[in-house]
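Hello,

Here is the structure for your files. My notes on it follow below.

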Amino acid sequence: IGCHTLDHAHLRKVSPSEARRQIVGCKKALEETLGKEVQFFCYPYGEYNTYVLQVLRECGFRAAVTVNPLLVTGIKDPFQLNRISIPGYMEDEEFASRILGP
């Protein structure tokens, strides 16, 4: 389970203080609910900037995923990982194709 902000905010469009509130608040709420550390983040709309990356690192996140629909073939920056979207209504065959490739 990972964080995705409190309100699905456009992190590049809100003020730095609001971006921090969205990230920190979500992490705190999830950790209190789960009783476990939350280490991963998914950028709403795939949006981030250097400030958002800084906040994630300060908060102790280990990695974050973008909306780039590609496999992770080598980790250059764990805070800019590609991600294959898997909606809940997807059929098994399409799921396998997205994970395994064409």
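The chain exposes about 6,600 Å², an accessible area from the Shrake-Rupley method with a 1.4 Å probe. Carbon and sulfur atoms supply 55% of that area. This is a predicted model, in which local features need pLDDT of at least 70 and side-chain atom pairs count only at pLDDT 80 or more, while totals for chains, interfaces and linings use all residues. Residues are numbered from 1 along each chain as its sequence is written, and side-chain values use heavy atoms, with hydrogens and water left out.

Three helices and two strands make up the elements of the chain, in the order α-β-α-β-α from the N terminus. Both are DSSP runs, helices being H or I with at least four residues and strands E with at least two. The C-alpha trace spans about 45 × 30 × 20 Å along its principal axes.

Of the 102 residues, 28% are buried (under 20% relative accessible area, 1.4 Å probe, protein chains only). Among contacts (heavy atoms within 4.5 Å) with a separation of 6 or more, 40% join residues 24 or more positions apart.

Lys27 has a relative accessible area of 7%, so it counts as buried. A polar atom of the Lys27 side chain lies 2.7 Å from the backbone oxygen of Val38. Leaving aside residues up to four places away in sequence, Lys27 touches Cys3, Glu37, Val38, Cys59 and Phe61.

Regards

Key. Buried < 20%, exposed > 50% of the residue type's maximum accessible area, 1.4 Å probe, protein only. Polar contact = N/O pair within 3.5 Å; in protein donor to acceptor, adjacent residues only side chain to side chain.
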